[in-house]
Amino acid sequence: MHAEVALKGRSFINALDFTPEEYEALFSLAEEIRTHPQDFTGACAGRVLATLFYEPSTRTRLSFEAAMLRLGGQVLSVADPQTSSVAKGESLADTIRTVAAYADLIVIRHPKEGAARLAAMYSPVPVINAGDGAREHPTQTLTDLYTIRTLKGRLSELAVAFCGDLRFGRTVHSLLRALSRYPGMRFFLISPEELRIPEFLREELSAQGITMEEREQMEEVLPFVDVLYMTRVQKERFLDEEEYLRLRDFYILTPDRLELLKKDAIVMHPLPRVTEIAYGVDADPRAVYFQQVRFGMYARMALILGILGVV
Ligand code: NCD
């Protein structure tokens with residue numbers, strides 16, 4: 001008997017679309033898959049997943065495809081919309097209704113905020129948001145929560161520091177929202193003035209009574225955190241290349257700075273990394289970002305099973 005996940009037919013557009021209990025059910029299932037992968041090899045036989053990516057991706061697209069293949073399902077993929085009818089001027093609404101005729105589930109990444117929501121409105125099959133502009137990235141949040149839950153043993157009473165591009169980083173926005181629902185959390189936001197979290201998000205979280213300690217120096221915060229969440233400065237969201245280059249190297253986690261972290265802290269990153277974590281950090285057992293990649297695949301396997309109603 002597998003963990004029960006009651007998400008059949010649901011789309012996943014924002015991190016708050018699922019309750020903490022629904023996330024918990026997904027973590028239990030992901031854990032079963034991670035420890036007993038052989039029990040799930042044929043679970044999605046005869047099912048088709050489509051990935052429709054209008055922005056570059058390595059992990060998110062491939063982890064969904066790997067997840068579906070490992071469940072015995074099939075995958076259709078548009079990795080470069082310029083090779084599809086999008087190049088002829090087809091609207092997202094029409095593309096989605098077409099892809100939905102071929103697939104049981106659609107995973108979409110798009111540069112426009114709100115594009116995944118729009119896709120879900122037109123799609124007769126469930127839609128998963130794999131990133132819409134600078135807004136949300138809920139399956140990275142699923143991955144991140146599962147990683148923290150597994151490696152720290154809990155999702156409460158934790159000090160979490162987000163460092164880097166908190167303005168454009170959609171993984172930060174989704175994860176902050178999701179973590180704000182757990183008790184006893186302490187949030188540190190480390191960014192330069194220009195890359196602080198958007199005002200609407202600060203207001204949304206403040207209205208919930210969440211306090212966030214905003215800092216510009218990472219050194220002041222490192223000794224206190226359980227989870228350090230590093231992010232890439234989001235080059236593609238900048239209008240000015242020089243501004244990007246000025247901010248890109250604002251924070252670099254080096255082995256020296258790592259010394260300031262608690263012995264049992266973890267360092268996460270949604271990846272890709274550019275300059276913000278020195279390669280010398282990778283060998284430290286607290287650097288868990290490649291483990292996080294693996295957790296992401298199991299979390300997405302659980303999500304696919306849940307939404308397709310196979311469990
Ligand atoms: C992130 C994204 O696309 O928002 N990548 C990912 O999906 N793991 C983070 C990033 O691109 O910096």
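On a 1 Å grid over the protein atoms alone, a pocket is an open set of points where a 1.4 Å probe fits, with protein on both sides within 12 Å along at least five of seven lines, and a molecule sits in a pocket if more than half of its atoms lie within 2 Å of its grid points. In this structure, the space taken by the ligand is the largest pocket. The model is predicted, so local features need pLDDT of at least 70 and side-chain atom pairs count only at pLDDT 80 or more, while totals for chains, interfaces and linings use all residues. Residues are numbered from 1 along each chain as its sequence is written, and side-chain values use heavy atoms, with hydrogens and water left out.

**The ligand and its surroundings**

- Oxygen atoms of the ligand lie 2.8 Å from a polar side-chain atom of Thr60, 3.0 Å from an N or O atom in the side chain of Arg109, and 2.8 Å from an N or O atom in the side chain of Gln234.
- Taken alone the ligand exposes 320 Å², and the protein buries 94% of that; these accessible areas come from the Shrake-Rupley method with a 1.4 Å probe, and for residues only the protein chains shown count as cover.

- Helices (H or I, at least four residues) and strands (E, at least two) are DSSP runs, numbered from the N terminus, and Arg167 lies in the loop between strand 5 (159-163) and helix 6 (170-179).
- Buried means under 20% relative accessible area, exposed over 50%, and partly exposed in between, with a 1.4 Å probe and protein chains only, so Arg167, at 39%, counts as partly exposed.

**Backbone features**

- Most residues other than glycine have a negative phi, and most peptide bonds are trans.
- The peptide bond from Leu271 to Pro272 is cis, with omega near 5 degrees, and Pro272 is placed in the loop between strand 9 (266-268) and helix 10 (289-308).
- Leu271, found in the loop between strand 9 and helix 10, has a positive phi near 65 degrees, and with a relative accessible area of 12% this residue is buried.
- Glu157, in the loop between helix 5 (138-152) and strand 5, has a positive phi of about 50 degrees although it is not a glycine, and at 51% relative accessibility Glu157 counts as exposed.

**Two further residues**

- Thr51, in strand 1 (residues 48-53), is buried with a relative accessible area of 1%, and a polar contact (a pair of N or O atoms within 3.5 Å; within protein, one must be able to donate a hydrogen and the other to accept it, and residues adjacent in sequence count only if both atoms are side-chain atoms) of 2.9 Å joins the side chains of Thr51 and Ser77.
- Arg257, in helix 9 (residues 255-258), counts as partly exposed at 27% relative accessibility.

Notes:
On a 1 Å grid over the protein atoms alone, a cavity is a set of points where a 1.4 Å probe fits but cannot get out, and a pocket is an open set with protein on both sides within 12 Å along at least five of seven lines; lining residues have an atom within 4 Å of a point.
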